[in-house]
Every structure is written in C-alpha cells, then in structure tokens.
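Please keep the sequence and the model at hand while reading.

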Amino acid sequence: MLKQLFAFLLVIYCFLLCDTAFAAVKKTPARLQKDSSTVVVKGFNDKALNKYHSSESFNYEGPGLSEPSAWDRFWAWFWNTLFRKVGGPVIGNILKYGFVALAIGLLVFIIFKLTGMDGMRLWQGQVRKANLAYTESLENIHEIDFDTELEKAIALHNYRLAVRLLYLKCLKQLNDEELIRWQIDKTNSIYVYELNDPSLRQAFLLLTRQFEYVWYGGFTVDGDAFKSINQLFQNFKKQLA
Amino acid sequence: MENEFFEQRTDMSKLSKAVEQIKATLATIIVGQHDSIDLLVAGILADGHILIEGVPGVAKTLTAKLISKAIDAQYSRIQFTPDLMPSDILGTSVFNPKSTEFEFKRGPIFGNIILIDEINRAPAKTQSALFEVMEERQITIDGHSYKMQEPFTVLATQNPVEQEGTYRLPEAQLDRFLFKIEIKYPTLEEEIAIITRQHQQKTTDQLSHIQPVLTAADIIELRQQVKALHVEAKLLEFTAKIVFESRNHKSLYLGGSPRASLAMINAAKALAAISGRDFVTPEDIIYVAAPVLRHRIMLTPDKEMEGVSPDDVIAQIIQKIEVPR
C-alpha cells in the first residue's frame, strides 16, 4: 500500500517538474505582418454569362419539360383516360397489364413467323420431325417397261444391267403386292425387314445380296452366272405368286 | 459375306479375324455399346481420329484405353486441363549446357495411339497445337518439322459443351476428326450387367488381363487393304450429294467440308470391311453419315433453340436423296 502511494507521489512530482520547466521557456509576442500588395477585383464575364443563359442545356424551366408533347399526351390518354374510364382504377390497371402482355405476345408471334421458328416446340421439348419433301425419283420403277428393257440388256450382253432390272422389277412386284412400301430413300435392307414372311424375307435377302455384289460390288457377270441369278429371281416370283 | 456366284476377289480373312479379336477384347470389359465399338474399329481402320462424347461415367476413357491396349503400339495419354500449353503437348527446345545447344524434347504427342482425355477442358490456344499434327501427321517447331510414326491415331474424349468447365472446340479442329461417337447411357439390362461384372471382379485393375491382339504393322496393313476396297461411282455421287445438301440446308449455317466427303467414303469402306465385304453399299454410307457429319455441321441459332439436333438434320438430308440402285 505504501509502495503504491509512493509511486503515485513520484508521478505527481515528475509532472509538476515538467510543467515548471516548460513555464521557464521565454515566450516572444506575435507580430502582425502588413500586406501592401494591390488588390485587383475580378468579375464575371458578361459575354460568357449571356452565352450560358441562352444555352438550351442550362434552361431548366424550358417548355419541353413543363408541357407534354402530343405523343406523351396520347399515351397519357391511352393509359389513364381510356383504361381508367372504362374499368376504374383497379380494373383499369388489370386491363393495362393485360394489354402489355397481349402486345408482347403479338411481337413474339411476329418474330417466330418471320424467322420460321416453331414456338410450341420450345416449350414441349420436342424436336421437329423430318419434312418428307422428297425429290422426284430419277427413275420411277412404275414407269419402266421391264420386259422390253431386260430383253435389250440381255441382247447386248449387259448382264449387270439385266440383274439390276430384275431387282427393280422384284421391288415393284413387292410394292404392288403391298408387302413393302417403295420410297426413294429406303435402302435394300429396309425392304428386307419390311417383309413379314420369314421364308420370303430369306429369299429376298439372297436376291438382294446378288444384286449388291453385281451393282455395288462391280463384279462382272457372264452368261452362266446371269442364268443362275435369273433363276433365283424366277423362283422368287413363283414364291410370291 | 459368302456368295456362290462370285469368287472372293479380296482376302478379308485377316481383317475379319482382327476385327473379331478387337471386338471380343472390348466385350470383356465394355457392356453393350456395339455401335460405338463398330465405329471405333472402323475409325481406326479408316486411319481417322475419333472424338468420343458422352456425359461423365459412361466409360468413354475406358473404351479408348481398351482400344489402345488391344493394339501393341506406342500409347500416350494427355490429360487436357485449362492451363495446358501447346508446348506441353508438342514438346519444347531445352538448352543443353554440356553441348551448349538447344535440344528438342519430344512431347506426349509423339506416339501411335494418343489418348486425349477431356479434350474440351483446354482453351482454343492449346487446341490449335493439334491442327497440324492431326491433318499432316507432323509438327513444326523452331522451323523444323518432325514426322509422326505410322499409325498415328488420336482418340479424344469429351463431355458435352453444356457441362461445367468445357470449351467449344474450334471448327477447324472438329473437321479433323473422322467420327464423333456419342456414347449414351446403358439400358437397364446393360446397367445390371455392368454392376454384376464389377461386383464379381477380383482385381482393381480391370485392364490388367488385356493382351494386345494387333501390332502397329498389322494396323498399317489392314488400312491399306481397306483403302483398296471398291466404291461404285454412283455411291461417290451419293456421298457428295449428302455433303453438298448439308451446305444448302436452311437449318444449318455451316455444312460439311470436302474433307467430310472424303471421310465418309473412307469410313464407309472401313465399315464394309468390318461387314466382310470388299465393296461399299449405300447402307454403309448412310450408317457413317451421322458420326462423320454431326460435329462438322453447325445449326442455326433458332434451330438450336428449338432443340433440333444435328442428327435430325442429317436424317432429313438423307431422306431427300435417292438411294442409288
């Protein structure tokens, strides 16, 4: 306790000692300095002021803001007068937003029509189905006189063409019997799978193989080979009948 | 395919055997995905690069690794990341203090089968490093060209661009891929088979038992055989018509390039070879049309918004063209 009291007195003594030391410093009085320079009074440039006064940018009370234009007046009438008068403040607001939604819908519809997009599919998540805009077949199997053409091809020893004609004739027969549906984009395998009768399918598969070897494979066909292939086609014709 | 009226003009036995072996090897690990595997094998036989796309977890990388394991050739893998640099792929010149000369240190692109995993995780700057090597089978660094060893095939995997952290590959690079194979989710039965197979597996490394069935030399030989297959002139015309139509289709703003036509013919030849034929049929061309064209064509923005897929447009194009017969 005594120690703490002694420390306190010591701090007070030190403080007083410092204060006395500062008081001992001699203070000199402040002297007022006189400014003898000439004062030039500056004023606003009247020309510049007039320029700003006449400028539209600084005209805050111009007629443009205080008086609405004819366009603004039309919209004010359209929104407030028309809708509010028709249905009152509540129904008028509903009508107003309904009109905005209708306008947006119309705009979207026009965009879809102009760009050719199908808007419904955006929401349905469906993909567009292929448009079956077929080009005209270069060779319509329904218009070929197969018997005459076959005779010609055999006479010219063009057995490759003859096999092709036999195959096309076969496709025509199947189409006429409504066992397949002839379409220009269908491959031979598709026709094979369209046949429901397994024995008929197997026989037609064999014919298809012969045709593919000759027509796509570039294999040469001599008279004997053609005779055998022709026999297969005739057998198939009988099977079909 | 046997035919009693015509003698076999090409010996396809080695090719057929090789294809069967590869398919059998893949079937030991991969369940289903038969079409994808056919296309993968066709792509390799057609000397093309293959892009495999699918959502995470459908065994894209595993399939590519399996293919590379089945072929006894120098295999290299590059994991594409956003910070990958072209020099990390191609290689770089390093100063040798002993010889006081710069020496070229080859990058991982030097190999026969290159697996680029997650290719669309790297930006266009890195992708451009692959342009020259994918088309010309060489790289040029510091004015010096380095030829790649044959066979050189890039198998790349990627997630669809809608996935987080992916970039759209440059069109010029996409055009260099022969196929884009889309790997779909397995069917319920296939998924059950996958789980059962994994459950019964004793080892953690499922590729440890895979043995190579073909060498690099075999691949080169088979490719030459495929190249020599017969294609009828009408089928070349049919292919050209498909690609040409893609350039004039209203749903597309970018159609197929002439490289796409070449790719279709090469791929159709490979597919015919897989089927055991030494000639191409229209079906081969139609079959490869979608995987060859789907990454090369670009839909117009409105069609993309409508949800039309490139495959739909390709189907529309084919439907309009008469099958040569």
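## The surroundings of Pro212(B)

Not counting residues up to four places away in sequence, Pro212(B) touches Lys69(B), Ala70(B), Ile71(B) and Asp72(B), a contact being a pair of residues whose C-beta atoms, placed from the backbone, lie within 7 Å. Pro212(B) and Ala70(B) are 142 residues apart in sequence, yet their C-alpha atoms are 4.1 Å apart in space. Pro212(B) sits in the loop between helix H8 (188-200) and strand S11 (214-215) of chain B, where helices (H or I, at least four residues) and strands (E, at least two) are DSSP runs numbered from the N terminus.

Pro212(B) counts as partly exposed because it has 15 C-beta neighbours inside 10 Å; a residue is buried if 20 or more other C-beta atoms lie within 10 Å of its own, exposed if 12 or fewer, and partly exposed in between, with C-beta atoms placed from the backbone.

## Basis of the model

This is a predicted model, in which local features need pLDDT of at least 70 and side-chain atom pairs count only at pLDDT 80 or more, while totals for chains, interfaces and linings use all residues. Residues are numbered from 1 along each chain as its sequence is written, and chains are lettered from A and ligands numbered from 1 in the order in which they are written.

## Chain B as a whole

Chain B contains 14 helices and 13 strands. Its radius of gyration, taken over C-alpha atoms, is 21 Å, close to the 20 Å that the globule rule (2.2 Å times the number of residues to the power 0.38) gives for 325 residues, so chain B is as compact as a globular protein of that length. Of the 325 residues of chain B, 43% count as buried, and among its contacts with a separation of 6 or more, 78% join residues 24 or more positions apart.

A UniProt record (unreviewed entry) lists "domain: AAA+ ATPase" for residues 46-187 of chain B; such annotations, given in the numbering used here and with shortened feature names, may be inferred rather than shown by experiment. This span is 23% helix and 35% strand, with its end C-alpha atoms 29 Å apart.

## The two domains of chain B

Chain B is divided into domain 1 (1-228) and domain 2 (229-325), with bounds that come from an automatic or database domain assignment. The contact between them takes 25 residues from domain 1 of chain B and 20 residues from domain 2 of chain B. On the domain 1 side, the elements that give two or more residues are helix H1 (13-27), helix H2 (34-45), helix H7 (171-174) and strand S10 (177-182) of chain B.

## Chain A

Chain A has 10 helices and zero strands, and 12% of its 241 residues count as buried. In the UniProt record (unreviewed entry), "transmembrane region" covers residues 94-112 of chain A, a span that is 100% helix and 0% strand in the model, with end C-alpha atoms 27 Å apart.

Leaving aside its neighbours within four places in sequence, Val163(A) is in contact with residues including Phe211(A), Trp215(A) and Ile229(A).

Notes:
Two residues are in contact if their C-beta atoms, placed from the backbone, lie within 7 Å.
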